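Biologist: I'd like to learn how to read a model like this one. Could you walk me through it?

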Amino acid sequence: MATAGKRGHCQSAGDPLDCFDMADPVQASSERKSLEDREKMTDLERLRHSAAHVMAAAVVRLWPTARLDIGPATEEGFYYDFDLPDHRFTPEDFPAIEAEMKKIVRENHRFEKAVRTRDEARELFAGRGETFKIERLNDIPEAEPISTYQSGEFVDLCAGPHVMRTGNVKAFKLLRVAAAYYRGDEKNQQLQRLYGTAFPNQAELEAWLKMQEEAKRRDHRKLGAEMSLFVFDAEYTGPGLPLWLPAGTVLIEELEKLAKESEFEAGYLRVRTPHLAREKMYRTSGHLPYYAESMYPPMELADASQAAGGGGPDPAAQAGGIASDRYYLKAMNCPHHHRIFAAEPRSYRDMPMRLAEYGTCYRFEQSGELFGLMRVRSMQMNDAHIYCSPEQFPQEFDAVNAMYLKYFKIFGLEKYVMRFSTHDPSRLGQKFVDEAELWKRTEEMVRRVLQESGIHYVEVPNEAAFYGPKIDVQVWSAIGREFTIATNQVDFAVPARFGLAYRDRDNTDKTPMCIHRAPLGTHERFIGFLIEHYAGNFPLWLAPEQVRVLPVTSDQVGYAEEIVRELRAQFVRAGLEFSHDKLPGRIQRAEEAKVHTMLIVGAREQSEGMVAVRRHGQGNQGARPRTEAVAEILRAIRDRRD
RNA sequence: GCCAGUUUAGCUCAGUGGUAGAGCAACGGUUUUGUAAACCGUGGGUCGGGGGUUCGAAUCCCUCAACUGGCUCCA
């Protein structure tokens, strides 16, 4: 993993694998900003960076032994890293720090820039015991000037820029305390990081805080519990292993229905594979030994001759002198699909061969990385592998792309970026498989497809997978969280590892290319995203409870039951509620449960064969003939409209 | 895995060393109901698990776990 860059995945030279890693949070980069970047800093970033100085100054006043590292602006505010062995920050310290910050703001110091020689700066920080600053000083390229900023008694090694005076830092708030490894490397010591945010004025700060509150309301973990979609039962099931409740299972099955329909239309063949496989599978794929740590530990069958049955023990294990047989829970489906491809002789007439499966994978994510449904240890992937010839590739890739766009339209996803990761020619044969021509051609094809479909994409050099370029789809949930929700990868290398081949027209064996694709990602992350995207107000086709019929009095129960029967006969998820509550109470509960459509039937409706339609969140839509209302519901479900 | 915080009834939360509480939900009954909460009653908790201090622990201490916020990681 040493060659892996800061933020990508599948980029290490040791990784010849598919990798549907769905996580890719945006992280504040700990890399140095160039001088040009600094000039581009927005006013808000200047303000926040200045606020970081004010906070650091306050901390040093309160804890004079604190040593400073760095304090940049981030997307939501700023942080500053401290080394302070004799005190651990807790949120209880915030009022004192904020009070001291206010004092510094009132003192209204100028941010005074001073350009210094290296030796002067070194001496200055050595005198203050600021060892991190001296190390950071050594990072600054020879050509760049060294500058410090002073506000009051506080001096920091800093290239700026800042606001004019501490008095300009008007509205700020400390947010949280966290640990952070020095230089972002877990081999280094941990520093204490204080996060805060700052805005030009109090009103904007408060608006932002309010937005954060709103975000919490649509958090998928909260809504998932409220709507009984899933639970985590760590004590019995295990951390990161969700149990899908009936309502959540509806979402899964509707998504699978969508996927199966689109994949059927697009000529995919469905396959099914077990949740585990022998060690040899992952040794051949290359996952072992590099990634064993990210997989659940193997199940070891001590008596191999007995365990192995007809096949005998794993020869590789025997060769190593181990008379045992190991099975691993699968962390990805591709090796299994490769073996399916290899199961029978293949002809060019079979190509392209598109093997699809909602495969369940298990990844032993570190405990601290688990995050609701977004980062779990068991996941069901909208997986498929397309085996094709290089000639067939553009068309296949284009079709995959079209499927992505189809899905985005269905879900009303307007804000997304495709992140196109390409190779670096200078690293062919090391980080990237040594196929210069294939790289060039494939990347050009991919680029052209992206451009022609008018998709918004960014190209990221040097972040491709070992075996080919890839596209990650990044989306934002309605609350502004960014996720990699889907991925589409080109693979020229792994089919060869498995010895995959097809007989071509010229009667020679050729190795196929492979496209790994998962436009709906995993159920877990995709549904987590959808919950936030819709704030739990699912469109009719997805809504766990689509229709609830509410008779006004017991006299209409029979009529209501008739309507429910009619709907259920058409596979509409409809129910009836008649309880001791008055109508407004039952409406309230249906609204709270986010039931998509309520059909209210009283004496008036019954006598005229009507229903009064009420849409969740939209109030009373008025009475309509029952047949018309039912037909409209069926149409909307069929068209996957809201 | 690391740092910090949190963990009390199904849910939201109150309870700072002296008999575990409220609202909602659940259940039972009354009410026959017209577009976001009718009324009355009942049951429900080993206060995350374990250990310790104390006459006495939800409350103080230790430890383990899960979750949350970050960091690292992310095949």
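Predicted model: local features only at pLDDT ≥ 70, side-chain atom pairs only at ≥ 80, totals over all residues.

Biologist: Which partner does Asp 639 have in a salt bridge?

Modeller: That would be Arg 641, with 3.7 Å between the closest N and O atoms. Arg 641 is partly exposed too, at 34% relative accessibility. Elsewhere, bridges with shared partners link Arg 61, Glu 100, Lys 103, Glu 107 and Glu 153 into one network.

Biologist: How many salt bridges are there in the count?

Modeller: The count is 45 salt bridges. One of them pairs Glu 562 with Arg 626, whose closest N and O atoms are 2.8 Å apart. Glu 562 sits in helix α17 and Arg 626 in helix α20, so this pair ties together parts that lie 64 residues apart in sequence. Glu 562 is partly exposed at 36%, while Arg 626 is buried at 15%.

Biologist: Now helices. How many residues does α3 have, and how far does α3 reach?

Modeller: Helix α3 spans residues 94-107, which is 14 residues, and reaches 20 Å from its first C-alpha to its last, close to the 20 Å expected. Its buried residues are Phe 94, Ile 97, Glu 98, Glu 100, Met 101, Ile 104 and Val 105. They share one side of α3, because they cover an arc of only 160 degrees around the axis.

Biologist: What do the buried residues of α3 pack against?

Modeller: Their neighbours in packing are α2, β6 and β7. On the face turned away, α3 carries the exposed residues Pro 95 and Arg 106. Just after the helix, Asn 108 takes a positive phi of about 55 degrees.

Biologist: What about the chain as a whole?

Modeller: Chain A has 20 helices and 27 strands. Of its 642 residues, 52% count as buried. Take contacts between residues at least 6 apart in sequence: 72% of them join residues at least 24 apart. Chain A also exposes about 29,800 Å², with carbon and sulfur atoms supplying 51% of that.

Terms used
Residues numbered from 1 in each chain as written. Chains lettered and ligands numbered in written order. Heavy atoms only, no water. Helix = DSSP H or I, 4+ residues; strand = E, 2+ residues; numbered from the N terminus. Expected span 1.5 Å × (residues − 1). Buried < 20%, exposed > 50% of the residue type's maximum accessible area, 1.4 Å probe, protein only. Arc of directions from axis to C-beta. Contact = heavy atoms within 4.5 Å. Areas by Shrake-Rupley, 256 points an atom, 1.4 Å probe, with all protein chains shown as cover. Salt bridge = Lys/Arg side-chain N within 4 Å of Asp/Glu carboxyl O.
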